[in-house]
Amino acid sequence: SPFVGVFNLIGLAAAASVINFVVLTSASSSANSGIYSTSRMMYGLARKRMASPAFGRISRHGVPWPGLVLTVSMICASLLLTANGSVMRAFTIITTVSSVLFLAVWTLILVSYIVYLRRFPEAHEKSSYPMPGARFMPWVVLAFFVFILVALTQDPDTAVAEAVTPLWFGLLAIMWRRVCPRAGGDHMAAPELARSQGPAPARR
């Protein structure tokens with residue numbers, strides 16, 4: 001952390017340790033939230049036949065354990081990125097992939113809004129809080145996203161991560177083609193699945 005470096009340079013080692021503690025606590029909290037939400041997300045996808053029925057199983061305590069095991073396994077597998085001894089390089093790759101995925105999600109949102117505005121302009125006019133600059137701001141934001149993608153190609157580590165990200169989208173497309181025909185509403189009432197699931201997953 002640059003804050004830790006600054007405190008070390010001015011001789012405040014104790015303050016640097018506090019910053020490290022805060023950063024580690026924050027990272028642990030974020031990881032805990034991600035593990036919790038992802039395991040429940042896999043459970044929800046299984047209920048809608050958009051994931052393997054195996055992820056619809058839960059323990060007697062209401063924990064969707066198959067999704068939990070998969071999530072933790074993926075997190076542990078990410079440690080392989082540090083095999084070359086560079087933690088910062090692994091961090092850069094992971095954050096770049098995450099950034100590109102976030103850009104993709106928000107691009108879909110913006111494109112959906114543009115289509116909505118073209119098809120239902122009267123609904124936008126009647127909205128109690130219409131988006132300011134609705135006609136041009138989505139395009140401005142999309143242009144900014146393009147700028148970010150171009151900027152990410154300027155560093156070798158971020159460029160590699162950005163180049164690999166389309167493989168993830170390809171995998172998602174293949175998986176969606178497989179589950180799309182059977183995807184549907186909540187089918188928890190199905191006797192064969194309901195018997196294997198027990199109570200609903202525990203909530204916080």
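Student: Let's start with H4 and H6: is their crossing left-handed or right-handed?
Tutor: Left-handed, for H4 crossing H6. Keep in mind that we're looking at a predicted model.

Student: Noted. What angle do H4 and H6 pack at, and how far apart are the axes?
Tutor: H4 covers residues 87–119 and H6 covers 137–152; the angle is about 160°, with 10 Å between the axes. Anything over 145 degrees counts as roughly antiparallel, so H4 and H6 are roughly antiparallel to each other.

Student: Which residues in H4 and H6 meet?
Tutor: On the H4 side they include Trp106, Leu110, Tyr113 and Arg118, and on the H6 side they include Trp139, Leu142, Phe145 and Leu149. By type, the residues of that contact come out as 14 nonpolar, two polar and one charged.

Student: OK, switching to H2. How many residues does H2 have, and what does it span?
Tutor: H2 runs over residues 13–47, which is 35 residues, and its first and last C-alpha atoms are 51 Å apart. That is close to the 51 Å expected at 1.5 Å a residue.

Student: Which residues in H2 are buried?
Tutor: Ala16, Ser39, Met42, Tyr43 and Ala46 are buried there.

Student: Where is Ile58?
Tutor: Ile58 is in the loop between H2 and H3, with H3 being 65–77.

Student: Is Ile58 buried or exposed?
Tutor: Buried: its relative accessibility is 8%, and the cut-off for buried is under 20%.

Student: How far is Ile58 from Tyr43?
Tutor: C-alpha to C-alpha, Ile58 and Tyr43 are 8.5 Å apart in space, with a separation of 15 residues in sequence. Tyr43 is one of the buried residues in H2.

Student: Back to packing, then. How do H2 and H3 sit: what angle and what axis distance?
Tutor: The angle is about 130° and the axes are 8 Å apart. That puts H2 and H3 in the oblique class, and H2 passes H3 in a right-handed crossing.

Student: Which H2 residues meet H3?
Tutor: Ile35, Thr38, Ser39 and Met42 do, and their partners in H3 are Gly67, Leu68, Leu70, Thr71, Val72 and Ile75.

Conventions. Residues numbered from 1 in each chain as written. Predicted model: local features only at pLDDT ≥ 70, side-chain atom pairs only at ≥ 80, totals over all residues. Heavy atoms only, no water. Helix = DSSP H or I, 4+ residues; strand = E, 2+ residues; numbered from the N terminus. Expected span 1.5 Å × (residues − 1). Buried < 20%, exposed > 50% of the residue type's maximum accessible area, 1.4 Å probe, protein only. Axes fitted to C-alpha atoms, helices over the stretch in contact; angles between N-to-C directions. Parallel < 35°, antiparallel > 145°, perpendicular 65-115°, else oblique. Left-handed = near helix turned anticlockwise from the far one by under 90°. Contact = heavy atoms within 4.5 Å. Nonpolar A, V, L, I, M, F, W, Y, C, P; charged D, E, K, R; others polar.
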